[in-house]
Amino acid sequence: MSKRYQGGVLGVGFNPLQAPNAPTIGTATAGTNSCASVTFTAPANVGGSAITGYTARSEPTGFGAAAAGSPITVTGLTNGSSYTFGAFALNSYGPSPISAFSNSITAVADGTLAIFALGSTAGGAASTPRNKYTYSGDVNSTATAATAASRRASSAGNSTVGIFALGSTTGCVSTTTRDKYTYSGCVVSAGGAATVASAAGSAAGNSTVGIFALGCGAATTRNKYTYSGCVVSAGGASTATSCSGSAAGNSTVGIFALGNFSTTRNKYTYSGDVVSSGSAATVASFAGSAAGNSTVGIFALGGAPSVTTRNKYTYSGCVVSAGGAATVASRAGAAAGNSTVGIFALGFACCVAVNTRNKYTYSGCVVSAGAAATAASYYGSAASNGAIGVNV
């Protein structure tokens, strides 16, 4: 006759005196696509035989997963729900007691939200507010603020974190500061600093790295930001000075519009950090914004004076065509998106900051109203938890 335990069915050989001690729980971290990674330390006392495996279990709901060692990835979590995790060890005599439970995490699915740093508010002052934009339902809410007031910023990220270069702070002083925004729990911490103080940069990346063009004050310099470990190293330089540019990309390339009242774009291949010419914009631009998916990037050209023009950049073949126009002529906006839509904060329109956002549906290039920002602003930045990490 068998006996049951938390992770399955025990045979008649179950002997709790020969089972291992409980592991020591470590840290739970929200991962991509509604999963979590759970770390633990093996017990010193393995019992009467070698440990054959470990199981992690969530609380609530009891989602479980097994592995030969730490960490264990638990899948199938519900987006927006909070979980803690325990672990137990198993040998031929049975399971250990379950460990203490871990810290709490909130499950987040890929491509569900964007974080918008508002930048300059009415009057031009730098600010700390950020908004959380949930694509489903176009819901806008407050997000955790920046560590310092900033404007003329840039950002990139992957499915778990967004890296926000703060740009210029109060008094228009350029900075090297970057914030790391962890989507699960909306936690803000220090990111790896830029190598040069600068502002009005741009950024794009994939799931492992973000490429930051440092912008005004840094000439052609780009930084390569590796999300794991927050390591900053040299990226491939731009072909000309870049200031108030924009960028979008997919998992292999980023397209950088250099701004500076030019039509020039660079194609940045992440593998090997190779920089080559991209197809030019249809109009010279400045202070634009961009978002895209795995096949196209949508570039709002910005400019002075402001325009409604957007270019559609098809990565395959580097083909530039007309995109759906903005509802209002604008510049100095911000954008982020997932695989189906991009959200464009219009920024500065008709010589005044606005809270207007456009929702751009890539299929059909359809432009509609997005949820407005909590305050009129411009020169902000945005990052999304989309799997490709495409951002302004």
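The model is predicted, so local features need pLDDT of at least 70 and side-chain atom pairs count only at pLDDT 80 or more, while totals for chains, interfaces and linings use all residues. Residues are numbered from 1 along each chain as its sequence is written, and side-chain values use heavy atoms, with hydrogens and water left out.

How many salt bridges does a search of the whole structure find? There are 3. The term means a side-chain nitrogen of Lys or Arg within 4 Å of a carboxyl oxygen of Asp or Glu.

**Stop one.** Select lysine 359 and aspartate 138. Their closest N and O atoms are 3.0 Å apart, in a salt bridge. Lysine 359 sits in strand β38 (residues 357-361), aspartate 138 in the loop between β13 and β14 (139-143), so the pair ties together parts 221 residues apart in sequence. Strands (E, at least two residues) are DSSP runs, numbered from the N terminus. Lysine 359 is buried at 18%; aspartate 138 is partly exposed at 23%.

**Stop two.** Now select lysine 224 and aspartate 273. Their side chains form a salt bridge, 3.2 Å from N to O. Lysine 224 belongs to strand β23 (residues 222-226), and aspartate 273 to the loop between β27 (265-269) and β28 (274-278). Aspartate 273 is partly exposed, at 23% relative accessible area.

**Stop three.** Finish on arginine 130 and aspartate 179. This salt bridge has its closest N and O atoms 3.1 Å apart. It links strand β13 (residues 130-134) to strand β19 (residues 178-182). Arginine 130 is buried at 2%; aspartate 179 is buried at 2%.

Definitions and conventions. Helix = DSSP H or I, 4+ residues; strand = E, 2+ residues; numbered from the N terminus. Buried < 20%, exposed > 50% of the residue type's maximum accessible area, 1.4 Å probe, protein only.
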